[in-house]
Amino acid sequence: MPKEATGPLKGLRVLDLTAVVLGPFCTQMLGDWGAEIIKVEPPSGDIVRNSGVYRNRGMASVFLGINRNKRDLAIDLKSPEGAEVLRRLIPQMDVLVTNIRPAGMARLGFGPEQCRALNPRLVFAVATGFGQDGPYRARPAFDEIIQASSGFADIVGEDQGQPMFVPSLIADKVTGMQLLSGVLAALYHRERTGEGQLVEVPMLETLTAFLSVEHLGGLGFEPRNGEAGYKRLRHRKPAPTRDGHITLLPYSTANWVTFFTIAGREDLIETLSVRDPVRRNANIDAVYAAMAEIARGKTTAEWLALCERHDIPATGFTRVEDVLEHPHLKAVGMFEEHDHPSEGRIRMAKPPTRFERTPANIRRLAPRLGEHTAEVLRELGFSAEEIEDMQARKVIRQA
């Protein structure tokens, strides 16, 4: 390492002014797909550098998981010299990605219009907590704030009678994917017209739209036509077996008929109106209750064998502790091991998207704070003396 980029975005240059999870998740995918990423951090570092398990402070597992394929520039953007570095970088970039709040970027002197003056073709992509045309526009936002505000926590905790958070950074990562999509769409527009543009992806609006696909329910009609939510999903649970649990998911009418037939309960096919999808869905609580009761009669392995034989969707449960041993993930080489120059042997999930002709690849492992500061500054024309002076005055930091 580093290796040559092989992905479809090879040659694209991205300035990464992001921190924590949302933005870095987006820019890592751009990097996996071939883009050159320059990550800009303050001399104190991205706060996520110390999130998770670590061997060395500042290189914790969460940071390692979302910052590969990047070079790292540690610089104080509030200083005149730091601002000058950014003014030299922006004209060379295709994309600027940030999750610094818009007011903060404006105070630094690098709002969308200011950046457009430096580079009219720039795609300026910003992730916000709340859309900038709404009353919450200046509020800070993190994953739990958005899960709570969007209704997500309400849906997750319904059975417990209180809101509950998904124990994964779902709002950050969904918004990061939406940000990636926005960047690519804006680049496609630029290819046709030559125009750069501002792309804003607000977290609350993104997760709300994500949830509303199925859970808007009766609120999707005016006047409303029933309760919010998608009943089948709101009441699904793991089915208890004789020795554990299983995910049983008869989906089509044929699946349901087959399931009750192989279970020896053909009588329920008519009793529960299984052949009629509208009536089956209206009666889904009873259908699921019957399935759960039937599941107790066999072991998980027996059910899996039966379901595979009859093409009924089903699977066992994988503990997070055991995910490395999942037979399919092992077969496809989902987890790769690499030798990090400071952290030793590390393991990470490989890029999951497959491109037939331009495969994604891992070329650089997550950088140490300021690892490429001098390298980037030299490329921008700064002399050794200027770099040394900036280091002495703590404008920059080098690994």
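Q: How many cavities of 30 Å³ or more does the structure hold?
A: One. Bear in mind that this is a predicted model.

Q: What volume does the largest cavity have?
A: About 30 Å³.

Q: Which residues line it?
A: The lining of the largest cavity is Pro112, Cys115, Arg116, Leu122, Phe124 and Gln197.

Q: Which helix gives the most to that lining?
A: Helix α5, residues 112-118. It supplies three residues.

Q: And how does the cavity lining divide by class?
A: Four nonpolar, one polar and one charged.

Q: OK, pockets now. What is the volume of the largest pocket?
A: About 1,300 Å³.

Q: Which residues lie nearest its centre?
A: Ser61, Gly65, Arg347, Met348 and Ala349.

Q: How do the lining residues of the largest pocket divide?
A: There are 24 nonpolar, five polar and 10 charged.

Q: What about the second largest pocket, what volume there?
A: About 1,100 Å³. It is lined by 38 residues. Closest to its centre are Leu17, Ala19, Asn99, Ile100 and Arg101.

Q: Switching to helices. At roughly what angle do the axes of α6 and α9 cross?
A: Roughly 50°, and the axes come within 9 Å. Helix α6 covers residues 143-150 and helix α9 covers 203-215.

Q: Why call α6 and α9 oblique?
A: Angles of 65 to 115 degrees count as roughly perpendicular and those under 35 as roughly parallel. The crossing is roughly 50°, so α6 and α9 are oblique to each other.

Q: Is the crossing left-handed or right-handed?
A: The crossing of α6 and α9 is right-handed.

Q: Which residues meet there?
A: From α6, Asp143, Ile146, Gln147, Ser149 and Ser150. From α9, Met203, Leu204, Leu207, Thr208 and Leu211.

Q: What classes are in that contact?
A: Between α6 and α9, five residues are nonpolar, four polar and one charged.

Definitions and conventions
Residues are numbered from 1 along each chain as its sequence is written. This is a predicted model: local features need pLDDT of at least 70, side-chain atom pairs count only at pLDDT 80 or more; totals for chains, interfaces and linings use all residues. Side-chain values use heavy atoms; hydrogens and water are left out. Axes are lines fitted to C-alpha atoms, for helices over the stretch in contact, and angles run from 0 to 180 degrees between N-to-C directions. Helices (H or I, at least four residues) and strands (E, at least two) are DSSP runs, numbered from the N terminus. Angles under 35 degrees count as roughly parallel, over 145 as roughly antiparallel, 65 to 115 as roughly perpendicular and the rest as oblique. A crossing is left-handed if the near helix is turned anticlockwise from the far one by less than a right angle, and right-handed if clockwise. Contact means heavy atoms within 4.5 Å. Ala, Val, Leu, Ile, Met, Phe, Trp, Tyr, Cys and Pro count as nonpolar, Asp, Glu, Lys and Arg as charged, and the others, Gly among them, as polar. On a 1 Å grid over the protein atoms alone, a cavity is a set of points where a 1.4 Å probe fits but cannot get out, and a pocket is an open set with protein on both sides within 12 Å along at least five of seven lines; lining residues have an atom within 4 Å of a point. Grid points are joined across faces, edges and corners, and a volume is the space filled by probe spheres set on the points.
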